[in-house]
Amino acid sequence: MFFAPVLRRAAYATAPRSFDRALERLLHDALAGAPTTVSPRGRGYAITQDDKAYTAQIDVPGLSREQLTVGIEGSVVRVESVKDAPRQYRAAYELPQEIDVAASSARLDKGVLTLTLAKKAPVSNAATLAID
């Protein structure tokens, strides 16, 4: 992994965190050869991607379907356990592209939550003006 210390000046302090993450992904992909795996499996989760979707596999042993909630807002995926669950789990993952919630799915099998998150097709707002 590439590490570059950065001094944040007052003029750049208001830059969105998504820009920082996008720059980090760009540098990592440029130096590592752009792998399809976003994260290593050893950390309790792995996120892979193809042309149409992201696949996230998250280790949540000891939790059932009723004890987990998955929330998607834009490109951020939040996984939380309910308050009365035997084990507390809370994590958020920011993906590079927005998620199509209607085409996404979740499955829990033997303590592994598998999320298939469909990528939302970018919409172009370009318009053509007639010249008088």
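**Entry 1: the chain as a whole**

I began with burial: of the 132 residues of the protein chain, 24% count as buried. Buried here means under 20% relative accessible area, exposed means over 50%, and partly exposed lies in between, with a 1.4 Å probe and protein chains only. I am working with a predicted model, where local features need pLDDT of at least 70, side-chain atom pairs count only at pLDDT 80 or more, and totals for chains, interfaces and linings use all residues. Residues are numbered from 1 along each chain as its sequence is written, and side-chain values use heavy atoms, with hydrogens and water left out.

I looked up the confidence next. The mean pLDDT (the predictor's confidence in each residue, from 0 to 100) is 80 for the protein chain, and 69% of its residues reach 70 or more. Over residues 33-37 the pLDDT falls below 50, and this stretch has eight contacts in the model beyond near neighbours in sequence. I take contact to mean heavy atoms within 4.5 Å.

For the surface, I noted that the protein chain exposes about 9900 Å², of which carbon and sulfur atoms supply 54%. That area comes from the Shrake-Rupley method with a 1.4 Å probe; for residues, only the protein chains shown count as cover. Among contacts with a separation of 6 or more, 42% are between residues 24 or more positions apart.

**Entry 2: the elements**

Reading from the N terminus, I get the run α-β-β-β-β-β-β-β. Helices (H or I, at least four residues) and strands (E, at least two) are DSSP runs, numbered from the N terminus.

**Entry 3: the four-stranded sheet**

In what order do the four strands of the open sheet lie? I read the order as S1-S2-S7-S6, with antiparallel pairing. Two strands pair if DSSP finds at least two bridges between them. The edges are strand S1 (45-49) and strand S6 (99-109), each pairing on one side only. Neighbouring strands of this sheet are turned by 15° against each other on average, direction ignored. For such angles, axes are lines fitted to C-alpha atoms (for helices over the stretch in contact), and angles run from 0 to 180 degrees between N-to-C directions.

I then walked across the sheet. S1 and S2 pair over five bridges in the antiparallel sense and form a hairpin with three residues between them. S2 and S7 are antiparallel over seven bridges, and Gln 57 has Thr 114 in S7 as its bridge partner. Seven bridges also join S6 to strand S7 (residues 112-119), again antiparallel; here Ile 99 has Lys 119 in S7 as its bridge partner.

**Entry 4: Thr 55**

I stopped at Thr 55, which sits in strand S2 (residues 53-59). Is Thr 55 buried, exposed or partly exposed? Thr 55 counts as partly exposed because its relative accessibility is 26%. Thr 48 stands opposite Thr 55 in S2. Beyond its neighbours within four places in sequence, Thr 55 is in contact with Ala 46, Ile 47, Thr 48, Thr 114 and Leu 115. I also checked Leu 117: it lies 62 residues from Thr 55 along the chain, yet their C-alpha atoms are separated by 6.2 Å.

**Entry 5: the three-stranded sheet**

The three-stranded open sheet has the order S3-S4-S5, with antiparallel pairing. Strand S3 (68-73) and strand S5 (90-94) are its edges, each pairing on one side only. The twist averages 15° from one strand to the next. I found five bridges joining strand S4 (residues 76-81) to S5, and Glu 80 has Arg 90 in S5 as its bridge partner.

**Entry 6: the nonpolar core**

Which residues have the most contacts inside the largest nonpolar core? I listed Ile 58, Val 60, Val 79, Tyr 89, Leu 113 and Leu 115, in a core of 20 residues. S1, S2, S4, S5, S6 and S7 each supply at least two residues of this core. A nonpolar core is a set of buried Ala, Val, Leu, Ile, Met, Phe, Trp, Tyr and Cys residues joined through side-chain atoms within 4.5 Å.

**Entry 7: two loop residues**

Lys 110 is in the loop between S6 and S7. I noted its positive phi of about 55°, although Lys 110 is not a glycine. Most residues other than glycine have a negative phi. Lys 110 is exposed, since its relative accessible area is 80%.

Arg 65 is in the loop between S2 and S3 and is exposed at a relative accessible area of 61%. Arg 65 and Ala 106 are 41 residues apart in sequence and 9.7 Å apart in space, C-alpha to C-alpha.
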